[in-house]
Amino acid sequence: MERIALIDLGSNTTRLTIYDVYDGGYFAVVNEAQEKAKLGEIEKEGNLKQTRILQAIAIIKSFKKICLAYKVDKTIAIATAAVRCAKNQKAFLNDVFSATGVKFKVLSEEEEAMHDYHGVVNSIEIPKGVIFEIGGGSIKLIQYNRRTVVQKMVLNFGAVTLRDMFFNSNSTPEESCDKIEDYVSEQLNNIDWLKNLEPEYKLIGVGGSIRSLARIARKIKRYPLEMVHNYHIDYPDFEYIYNMIRPFDLEKASKIKGLGQSRADVFPCAMAALKSLMKICNFDQIACCSCGIRDGIMFNYACPSTLDKPIVDIVGYSLHSKIRQWNLNNTHAEQTFNLCVQLFKQLRVLHKFPRYYVRVLRVASMLYEAGRAIKFYDYAKHTAYMILKSNLYGVPHQDIALAAYICDIYTKEDNASSDWQRFSSILTPEDFDAAKKLAVILQLAVAFDSSLSNAVTEINCDVLGDSVIMKTEIEGDASIEIKEATKMAIEFKKVFKKNLEIL
């Protein structure tokens, strides 16, 4: 295992993210810190302000202390639009290196856009997308089709520069937002490929302002999952939030739950730019992606093959990352899922479930024992909580919630399904009904590998009248497996209405 620190010197915020990198190309966040340096506030001559330079150096020094405490093996340091465009870039970088010992790489527009693309394409399953990332000093637009970049454009203005250009004492906040919309629309109308997108293309938002938008939208809707990644916001909901914040001054905006002081001054500018894009391209929804430039860098670092070809199985990659992070038994996890798939197929004549429920079983079966790290007793309940907080890539939110639920159903006899009714906004009545049968399939699969020996290699089911005969093919001694699986006969009959016999 290797511990990597990534320092991102942005136009508005400077961030430190510490990662553990595991064998096999997987990585996980260990710690994060961020401070507002506002380097994007450029002097008229095009230089970075001295006060902001000193502030950035102080922040980097504090980040170095954190890296030392976390015993970081290597530091990757990048700078983006504000430093890239500054006339005193070289002097600034020399000052930073002299004061901190940290050498920053200034990313080109091309590199910055591609890192955003790699962060998105390896973490979200949208076949045709337009990535929109608004930073403090630039806007990135990347069109991709079937995980291949088609077009890209970097606009040399962002939320900070738009604020400095249009927010002043001579205009109300609403008037300033209108001016930004007009200005951004004028710039976007010069990009021909944006105006000729096929209806299948989806908008994917990246960056701090998009994450803030998602948090606000979730709070308004009382959304049951605390996940930004893969959260979808319909245009009417976006417009409601935008119209709500347009009249606000800084003091009022900073009080909005989910926003806060650090982003309140640039958030309306970012939303005005987003509205312009959605109107021009007729996007009716935005998918929020929590993986951007830093994640793109880490995908390329931990798994260099992603530089040439994106991860094929995003769900599997994300699950195996959690298995390594949580130190789970990978062989047992794979075997449990394998048995789940066999049981799902063999019992299809009884449950008649659509294929996508296999993805739910994959999440539940491969992470089923994660809760043991908290406490063995009722560990499935702890697992359910960990799945709900997992931020898995490539998995729709309803699947994450359903996977957690089927882990928790048999935690204890008096488990009240009402505890899970808070998810009724994303789970259908059919999902809740299916969960009972999926939970039995999961429990049988877990039982069939009780000794962690892969003794049960194949399961075949015969449905005969009021009974189901499960015939197991085994290698070695599977007596423990058969005994544990037989204990599920009562629950099996409750949900499948059939007697269970295991041979």
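Which helix lies across β2 and β3, and at about what angle does it run to β3? Helix α13 (residues 314–325) does, at about 85° to β3. The angle is taken between N-to-C directions, from 0 to 180 degrees, with axes as lines fitted to C-alpha atoms, for helices over the stretch in contact. Helices (H or I, at least four residues) and strands (E, at least two) are DSSP runs, numbered from the N terminus.

This is a predicted model: local features need pLDDT of at least 70, side-chain atom pairs count only at pLDDT 80 or more, and totals for chains, interfaces and linings use all residues. Residues are numbered from 1 along each chain as its sequence is written, and side-chain values use heavy atoms, without hydrogens and water.

**The sheet**

Five strands form an open sheet in the order β3-β2-β1-β4-β5. Pairing is mixed. Two strands pair if DSSP finds at least two bridges between them. The edge strands, β3 (26–36) and β5 (105–106), each pair on one side only. Strands β4 (residues 74–79) and β5 run parallel, joined by two bridges. I78 has K105 in β5 as its bridge partner.

**The cores**

A nonpolar core is a set of buried Ala, Val, Leu, Ile, Met, Phe, Trp, Tyr and Cys residues joined through side-chain atoms within 4.5 Å. Buried means under 20% relative accessible area, exposed over 50%, and partly exposed in between (1.4 Å probe, protein chains only).

| Core | Size | Residues, among them |
|---|---|---|
| Largest | 129 residues | F132, L141, L194, L274, I406, L444, M470 |
| Second, separate | 36 residues | L107, V120, Y144, M298 |

Beyond its neighbours within four places in sequence, L444 is in contact (heavy atoms within 4.5 Å) with L343, M470, A485, M488, F492 and L500.

**A covered helix**

Helix α16 (residues 357–366) is mostly covered, with nine of its ten residues buried. Among them are Y357, R362 and M366. The buried residues of α16 pack against α13, α14 (330–346), α17 (379–388), α18 (397–408) and α19.

**Residue N460**

N460 sits in strand β12 (residues 456–464). N460 counts as partly exposed because its relative accessible area is 27%. Not counting residues up to four places away in sequence, N460 touches Q346, I469, M470, K471 and E473. V149 is 311 residues away from N460 along the chain, and their C-alpha atoms are separated by 45 Å.
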